[in-house]
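Me: I have a structure open here and want to go through it. Can you take my questions as they come?

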Amino acid sequence: MTTTATAPQATLDTVETVPSFIQDSWWTPDAGSAGSAVPVRDASTGEILAKVSTEGLDLAAVVDYGRTTGQAELGQLTFHQRALKLKELAQYLHARREHFYAFSAQTGATKVDSMIDIDGGIGVLFTFGSKGRRELPNSQVVVDGPMEVLSKDGSFAGEHIYTRIPGVAVQINAFNFPVWGMLEKLAPAFIAGVPTIVKPATPTGYVAAAVVKAIVESNILPKGSLQLISGSVRGLLDVLDYRDLVAFTGSASTALSLKSHPNVVQGGVRFTSETDSLNAAILGPDAVEGTPEFDAFVKSVVTEMTAKAGQKCTAIRRAIVPQELVPAVSVAVGRRLQERVVLGDPRAEGVTMGALASVEQLEDVRAAVQSMLDAGGELAYGTLDSPSVTSADGSTGVVEGGAFMAPVLLSWKDPEAESVHSLEAFGPVSSVIGYQDLPDAVRLAARGSGSLVATVCTNDPDVARELVTGIAAHHGRVLMLNREDARSSTGHGSPVPHLVHGGPGRAGGGEELGGIRSVMHHMQRTAIQGSPNMLTAVTGVWHAGADRNLTLETEGTHPFRKSLETLRIGDAIRSDLRQVTLEDITAFANSTGDTFYAHTNQEAAEANPFFPGIVAHGYLLLSWGAGLFVEPAPGPVLANYGLENLRFITPVAAGDSIRVTLTAKRITPRETDEYGEVAWDALLTNQNDEIVATYDVLTLVEK
């Protein structure tokens, strides 16, 4: 049955206001402020779902609550404790994701689109919940790099540390990913200990509000650590200062307006942005029809055109292919679109691509495509006519008020046309552009003036090397796609929390994600100077030159007999000397099979500029070092699980002696286990107190 649907006649008076969550309570404007409200509509039907307004909201109070209550509450937790809360929150939201899908469908998102947004956002929480415990100390200070000795006697030194910024992280998000956009910004800020104020985009902000409601109900996050503003935040930058950070995702024009605010230009507000991006996918000359690379390329272009109806800042806008392959690529993309795309209400059975987020967005995309056609683009597939779509009841026809647009593929006789390299149609739209040779492909990709991501699709290592090194500086991420990773790749358009998301130039010049790198974006790096004892006191990490407590001498207790409860930074043991003989060296060489000439041939060893003659194996010395510091009886030390930072400094010849000094350097309790990690500073010296080797011994110790 073919029908023409009409949007239901709801009014602002009959729908609820999407609430804000501020100062740990839900807030909506007074009833008398309905005149300032903005309607929010179902993307597929045009039905008014809710209204949005922040009339009367005290933005200064919101910021102050974050800076005070939020900072104080988060400041009571270590990195590991915050990471565990993220993991707990991820589990809580994961169990309720089906509830969020219903809200997401109203934005025009299919089930797959919703999974990208909702499951993807929850996945970011899981990732940071894990990385925060594995890669950060169980403390509130991060040491950045080694200590720098600044005096001859070692009494004055310096290093760098990271501590959290003392303000709030304001996160202004785009309409296309209301959940992922919120959670991928929240996670690193929360790990850092910085309170978040989320401002979602109006058309889809009700989805973010539904997730925040669940977060509040979970009672997992500390007070003040998350606030939500549903609606306009005009004037928010007026109440921010150098203590605060703004992370913006949206249009380049809006980003420029925000970056021009006096509190950003002169007041020191940290500002990072992720904006427009004319991302490219380059097909290598080896990837002709019939190759796995050609098929993977076509599949990737179609996926990026149709996922979220092309409303992705990472979508492929320019498919740059060898000139002779332009017709083949255009036909293959069009064929796959025709076979795979069923346009309609995502709540209808069989629909594979939903509506754009709003009628306004639809108008913008159509206008952009028309401008590109006027500038020389040609329709290789699709039309700008109103499409026939499948409605939720299974009927087909044109939906008045629905923001539906069928996929459009453009081709260009002139690959230099300005519009294809400067105008982004933020919907199911892409262009095929021909190149002459690899330098030409690099040049065309760079015409995007800075992008979030590019794909290089080739199975030729030389082609990959030339293209990637040529375009890397113009992009925040480059995917190398070939037959080996086509099935396992997360895809061109999917940022992963482990890697940086952002790009130079037109893409905003910002960085998000990137694992622990993004946590550091919410922290201040400070150079500190002082004595080794003072550096140790501030960082919680023992520094060379700081006091040691030789516990056998002072307490009659070996430090390996101490649990985490009683072990202290600086607890140490200093062994007696043990002499190395030629027989020891020879026996070790024979038993291990390591008969390198420096350990077995006197004449050859003497000819080596580093050795005085036959010398002991470094691993022999490490083994002896363990024997010199170990306490053999069962006790709190459960296991040795590795060495770090090993360096051999001075060779040890037959007749020399060695001793070891072992000092508790770093103690990391595990929040969820009955043991923790202890890093011991190990110093091997010879009979002349010359340093033979330095390294860290890692042990697991009972609490």
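**Walking through the chain**

Reply: The chain has 21 helices and 30 strands; helices (H or I, at least four residues) and strands (E, at least two) are DSSP runs, numbered from the N terminus. This is a predicted model, in which local features need pLDDT of at least 70 and side-chain atom pairs count only at pLDDT 80 or more, while totals for chains, interfaces and linings use all residues. Residues are numbered from 1 along each chain as its sequence is written, and side-chain values use heavy atoms, with hydrogens and water left out.

Me: What does the C-alpha trace span along its principal axes?

Reply: About 95 × 65 × 45 Å.

Me: And how much of the chain is buried?

Reply: Of the 703 residues, 54% are buried. Buried means under 20% relative accessible area, exposed means over 50%, and partly exposed is in between (1.4 Å probe, protein chains only).

Me: What is the lining of the second largest pocket like by class?

Reply: It has 24 nonpolar, 16 polar and nine charged residues. Ala, Val, Leu, Ile, Met, Phe, Trp, Tyr, Cys and Pro count as nonpolar, Asp, Glu, Lys and Arg as charged, and the others, Gly among them, as polar.

Me: Different topic. Where is Glu512, and is it buried or exposed?

Reply: Glu512 lies in strand E22 (residues 510-513). It is buried, with a relative accessible area of 7%.

Me: What is Glu512 in contact with?

Reply: Leaving aside neighbours within four places in sequence, the contacts of Glu512 (heavy atoms within 4.5 Å) include Glu184, Lys185, Glu274 and His501.

Me: And Ile471, buried or exposed?

Reply: Ile471 is found in helix H14 (residues 461-471) and counts as buried at 0% relative accessibility. With neighbours within four places again left aside, it is in contact with Ile282, Val442, Ala445, Ala454, Val456 and Val478.

Me: Where is Arg243?

Reply: In the loop between strand E9 (226-228) and E10. Arg243 counts as partly exposed, at 27% relative accessibility. Its C-alpha atom is separated by 6.8 Å from that of Val269, 26 residues apart along the chain.

Me: Last one: at what angle do H18 and H21 cross?

Reply: The axes of helix H18 (residues 582-592) and helix H21 (residues 618-629) come within 10 Å and cross at roughly 105°. Asp584, Ile585 and Phe588 in H18 meet Tyr619, Leu620 and Trp624 in H21. By class, that contact has five nonpolar, no polar and one charged residues.

Note on methods:
Axes are lines fitted to C-alpha atoms, for helices over the stretch in contact, and angles run from 0 to 180 degrees between N-to-C directions.
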